[in-house]
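Welcome, and thank you for taking a look at this structure.

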Amino acid sequence: MEAVNPYYPIPIKIKEIIPETHNISTFILEGMPIQFKAGQFAELTVPGVGEAPFTPSSSPYADDMEFTIMKVGRVTGGLFELKKGDLVGVRGPFGKAYPLKDFKGKEIFIVGGGVGFAPLRSLFLALVHNIKDYKKVYIRYGARTPDDLVYWKLIPKWQKINGVDIDLTVDIGDDFWEGKVGVVTVLLDDIPVDLDKAPAFVCGPPLMMKFVTQRLVEAGFQHRNIYLSMEKNMSCGIGKCNHCRVGKFYVCKDGPVLTWDDVKDIEEPFL
Amino acid sequence: MRLYLLPSNNIKNFVKKLAQDGSVYYPIFEDDKTHLIKFTEDKEFEPNFEKIRTAENIKHFFFPSRDVVAKFPKDSKVKAEKQYLFGIKSCDLRGIEVYDRIFIKTEPVDPMYKERREKTIIISADCPEPADCCFCNLVGVSPYGAGTCDINVTKVSAGLLCEVFTKFGEQVISKHKDLFEEAGKEAPKEREKTRKDALTELGKINSKPFKEDIAERIEKAGKETMQDAQKDCVECFACLYACPTCYCFLLSDYKKGKNIERVRTWDACYYAAYARVGGGANPRSDLVERFWNRFLCKFNYFNEYEGFFACSGCGRCYRGCSAKIDIREILWKL
Ligand SMILES: Cc1cc2nc3c(=O)[nH]c(=O)nc-3n(C[C@H](O)[C@H](O)[C@H](O)COP(=O)(O)OP(=O)(O)OC[C@H]3O[C@@H](n4cnc5c(N)ncnc54)[C@H](O)[C@@H]3O)c2cc1C
Ligand code: SF4
Ligand code: SF4
Ligand code: SF4
Ligand code: FES
């Protein structure tokens, strides 16, 4: 069989752009250029600017692929210049999927910080797709201010789903905010799950990852049940260029989600 | 494996014949250094099969320093020309084996590397005169081709004693069989002696082996030890660009008319920006962490996956280093 070119991104148009916050938007593509499973990621090409790794924020079962992206630099900056109808490229899927079938019948504990909630959304939507398979799905999500919360329009709908429990916090409140105030760990004082069995999922900025993981370990989650999204520099996405190395792992291939068991001996794994 | 003799008088003729269906690169020795040059009829043909590996890294024959790996929105295929690498050394075969593992033997296959690799016939040559920088014997590489090549040649008094390793090698010889003779008894005996001498010489250059558990020792080395090893490094990156086993690369996109070219360039883990992520966090912001990473990469991580070191003992890093840092010295001390 002729080998396909793993460096070639599939061209696809942007169907819609939904602003989430002042620097985060959700980019909806015209269809599913690649079939992915929850946990896997893709490389998104901004033509002429370059590419960067992102985890789809849409359900693996959806018709269109979506990415929720924060503008932080060159590639993301280029992406925010694009309009509906413009062409982008998608390569993937890369990395390992979550072992969803191992989670059947269990409580699921998801902790997101800032734009780090985006990659967890595809996991959440995949769980919701078969919500009866799981005992309960908890989401604990924190952002800097109420204006920095992503999916604020969707969250009230998700809260109504049977078997879903969502709690939010912001570092700094405003006149209209009635929820909790404080960094995301304030949502972790009381963790109402069977710590022996429940898997936990964490994604967010490095410091948030560090403190949340610490808290989950203290609380008593099994180390191998703490799933951590590792944000590392990536280029090829296919385990060849070496950029994403963390210890003996290629994060693009062995990850992008590793467990605390995998990384606990590494000095500053989240940096 | 089958042996043949290519008499001295026929070497040029053989190369001339090979050049009819591809580019032939062969070693010359000039100003105290070996270089691989392309055969052309008008050039004086003065090959040298005895001196050590070329000064330059040879990885660009398969893995160029700049390579267009994809076009967007419409891709096109790479087509490589047939090439013969004649007279490269065993340490560089280790390098090719490293790339084979990364680019072909690990999924997904890299189509550019594979295309060039499949179009290349490798005729390696023994290394009877190891130099002070060489330490192949410390990393499990013999000073003669014992695999990864199609044919290996040994300089003997009557010419080149050829050992065939692959069916491609066999095809090359049978196509030009009028130029080859039976190996006889003398030439193999001579080969045995030069090989023994080379190994003895290497044993003298590097009398101390690396410790059995060198991989773990590197992992446990700690920043202080590495700080000491790295203190003279001026971050010129010569060691990594000259290295025939380093495989790091970076993809970047460039506009070309209406299309976009995705270009792959060699990269090196000593660059401060190498591991930086969006937003600015950097897991290896200090040089000592990057310096350490190179040793981990070559002697620990790669070894864990593939069962051998991503180092060939060629000594190019030492020869090219602005600070004359010798990785052997660092490894011996661990
Ligand atoms: C698996 C995975 C999933 C992700 N999912 C998401 C997601 O869902 N949503 C999201 O918003 N983000 C996500 N990210 C993060 C996202 O990949 C980064 O934000 C993105 O790569 C930033 O690219 P940029 O070019 O805009 O940023 P830059 O900061 O411009 O670029 C970062 C890259 O460019 C290089 N670079 C650029 N400028 C410099 C400089 N001055 N000095 C040194 N190096 C420089 C760095 O080496 C680095 O590779 C994910 C990351 C990973 C690994
Ligand atoms: S690390 Fe040095 S000795 Fe080892 S293969 Fe690279 S250049 Fe050669
Ligand atoms: S990580 Fe460093 S040592 Fe390893 S291949 Fe890349 S440049 Fe070479
Ligand atoms: S060649 Fe020497 S000075 Fe240059 S980066 Fe390598 S170790 Fe440092
Ligand atoms: S991104 Fe290239 S090896 Fe992981």
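In E9(A), the residue that bridges to Ala143(A) is Val170(A). This pair belongs to a place where strand E8 (residues 136-143) of chain A and strand E9 (residues 164-170) of chain A run parallel, joined by 7 bridges. Here helices (H or I, at least four residues) and strands (E, at least two) are DSSP runs, numbered from the N terminus, and two strands pair if DSSP finds at least two bridges between them.

Before going further, a word on the ground rules: this is a predicted model, in which local features need pLDDT of at least 70 and side-chain atom pairs count only at pLDDT 80 or more, while totals for chains, interfaces and linings use all residues. Residues are numbered from 1 along each chain as its sequence is written, chains are lettered from A and ligands numbered from 1 in the order in which they are written, and side-chain values use heavy atoms, with hydrogens and water left out.

Back to the strands of chain A. E8 and E9 sit in an open sheet of 7 strands with mixed pairing, ordered E10-E9-E8-E7-E11-E12-E15. At its edges stand strand E10 (180-181) and strand E15 (257-259) of chain A; each has a single partner strand, so one side of each has no neighbour in the sheet.

Chain A also holds an open sheet of 6 strands, E4-E3-E6-E1-E2-E5, and here the pairing is antiparallel. Its edge strands are E4 and E5 of chain A, each pairing on one side only. From one strand to the next, the twist averages 40 degrees; such angles run from 0 to 180 degrees between N-to-C directions, with axes that are lines fitted to C-alpha atoms (for helices over the stretch in contact). What holds neighbouring strands together? Strands of a sheet pair through backbone hydrogen bonds, either parallel or antiparallel.

Strand E1 (residues 10-19) and strand E6 (residues 87-94), both of chain A, are antiparallel over 4 bridges, and Lys13(A) has Leu87(A) as its bridge partner in E6(A). Strand E2 (residues 24-29) of chain A pairs with E5(A) in the antiparallel sense over 5 bridges, with Ile28(A) opposite Glu66(A). E5(A) is mostly covered, as 4 of its 5 residues are buried; buried means under 20% relative accessible area, exposed over 50%, and partly exposed in between (1.4 Å probe, protein chains only).

E5(A) also leads us to ligand 1. Strand E4 (50-54), strand E5 (66-70) and helix H1 (74-81) of chain A each supply at least two residues of the shell around this ligand. Of the 24 residues around ligand 1, Pro53(A), Met70(A), Arg74(A), Val75(A) and Thr76(A) come nearest, where a residue counts as near if one of its heavy atoms lies within 4 Å. The shell divides into 13 nonpolar, 7 polar and 4 charged residues. In this count Ala, Val, Leu, Ile, Met, Phe, Trp, Tyr, Cys and Pro are nonpolar, Asp, Glu, Lys and Arg are charged, and the others, Gly among them, are polar.

Which chains share this site? Residues from chains A and B surround ligand 1, so the site is shared between them. A polar side-chain atom of Thr76(A) is 2.5 Å from an oxygen atom of ligand 1, and an N or O atom in the side chain of Arg276(B) is 3.2 Å from an oxygen atom of the ligand. Taken alone, ligand 1 exposes 960 Å², and the protein buries 76% of that.

Asn233(A) is in the loop between strand E12 (226-229) and strand E13 (245-246) of chain A, and counts as buried at 15% relative accessibility.

Two more ligands remain. Ligand 3 is also in a site shared between chains, because residues from chains A and B surround it; among them are Asn242(A), Cys246(B) and Cys297(B). Helix H9 (residues 287-306) of chain B gives the most to this shell, with 4 residues. Around ligand 2 there are 14 residues, of which Cys243(B), Cys311(B), Ser312(B), Cys314(B) and Cys317(B) come nearest. H9 and helix H10 (316-320) of chain B are the elements that give two or more residues to the shell around ligand 2.

Key:
Polar contact = N/O pair within 3.5 Å; in protein donor to acceptor, adjacent residues only side chain to side chain. Areas by Shrake-Rupley, 256 points an atom, 1.4 Å probe, with all protein chains shown as cover.
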